Amino acid sequence: KSMCNTDIGSLPAPFPELADSILDMFRLNNKAAAITGGARGIGYAISEAYLQAGLSKLAIIDYAPNDVAVNNLIERFPKSQIIYLNCDVRKADQVKEVIEKIHKEFEVIDIFVANAGIAWTSGPMIDQETDDDWHNVMNVDLNGVYYCAKNIGKIFRAQGKGSLVMTASMSAHIVNVPQLQAAYNVAKAGVLHLGKSLAVEWAAFARVNTVSPGYIATELSDFVPEEMKNSWYSLTPKGRQGSPRELCGAYLYLASDAATYTTGTDVRVDGGYCSV
Ligand code: NAD
């Protein structure tokens, strides 16, 4: 007897509650999201994209001051509820507190994007760095993501639903040259594998995926020396930097009902960098 049911007529209709239009599956109407590092760069672009897709409630979590950029979102999207929470993702107690606060305010959190991160593109080689150098990167780029995942996981479990998207990097996949950044590579590889692990652990109630950006034009990559930038351009098949906006399709897909069967995966958006 075949293990597969090939009688298509007897299979349950996939998600009959979803709207007929394929585009409707990407809409975030009536959903609530929280985004770390949402005040700048990639996180800000994701915030804007989610609001454009109809998101009704957005919590921006960042340790940057609540500035012009966030206020601009509040003005441009008056129908959505947008709140800003100051939090350092390196601090477990702060992360727990803000996520509980958002949950209380929004009642349901459908989407969480753990995106806040720092770069470490010109650090000393590992045998020359201090333990603090190593821990500083780990504390933001890996432990900060872990604290978020742990606390949102409890909420997703209680709700019986939720989508967690975490920002990894092309550096999770390859050793980037010529810059020295072993700590960053290891932290991002950790995020990638945390994504797969949680997808399996939480399959019954949540989806967990990662996005791996390539070289993207933000403040984080701005300080990189010119020769390093040129080396990156020449190693990127697309021959240029990406913009934060060019990542948003991946983040929208993973957050939305278009991705109800997508979990434990990584979407690389790197201009082909890791394919070479
Ligand atoms: P960015 O510096 O423009 O923005 C990062 C945001 O995170 C800022 O708003 C900052 O205030 C916030 N942040 C940093 N540390 C924090 C902390 N401890 N607590 C709370 N908020 C904190 O950087 P970006 O380029 O937008 O980076 C976003 C993510 O994308 C990071 O995880 C980064 O590693 C990753 N990434 C970026 C690139 C790139 O080329 N820009 C490439 C691959 C991956």
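These exercises work through the fold of a predicted model.

**Exercise 1. List the secondary structure elements, then say how far apart in sequence the contacting residues are.**

Solution. Count the elements: eight helices and seven strands. Then take contacts between residues at least 6 apart in sequence. Of these, 77% join residues at least 24 apart.

**Exercise 2. Describe how helix H3 packs on helix H4.**

Solution. Locate the helices: H3 covers residues 92-106 and H4 covers residues 131-159. Their axes come within 9 Å and cross at roughly 35°. The crossing is right-handed. Now read off the residues. Ala92, Val95, Lys96, Ile99 and His103 from H3 meet Tyr147, Cys148, Asn151, Ile152 and Ile155 from H4. Sort this contact by class: seven residues are nonpolar, two polar and one charged.

**Exercise 3. Which residues have the most contacts inside the largest nonpolar core?**

Solution. The core has 71 residues. Ala33, Leu164 and Tyr251 have the most contacts inside it. By element, H4 gives the most to this core, with 10 residues. Now follow Tyr251. Beyond its neighbours within four places in sequence, Tyr251 contacts Ile46, Ala49, Val113, Val165 and Val211. As background, nonpolar side chains tend to be buried together in soluble globular proteins.

Note on methods:
Residues numbered from 1 in each chain as written. Predicted model: local features only at pLDDT ≥ 70, side-chain atom pairs only at ≥ 80, totals over all residues. Helix = DSSP H or I, 4+ residues; strand = E, 2+ residues; numbered from the N terminus. Contact = placed C-beta atoms within 7 Å. Axes fitted to C-alpha atoms, helices over the stretch in contact; angles between N-to-C directions. Left-handed = near helix turned anticlockwise from the far one by under 90°. Nonpolar A, V, L, I, M, F, W, Y, C, P; charged D, E, K, R; others polar. Core = buried A, V, L, I, M, F, W, Y, C linked by C-beta atoms within 7 Å. Buried ≥ 20, exposed ≤ 12 C-beta atoms within 10 Å, placed from the backbone.
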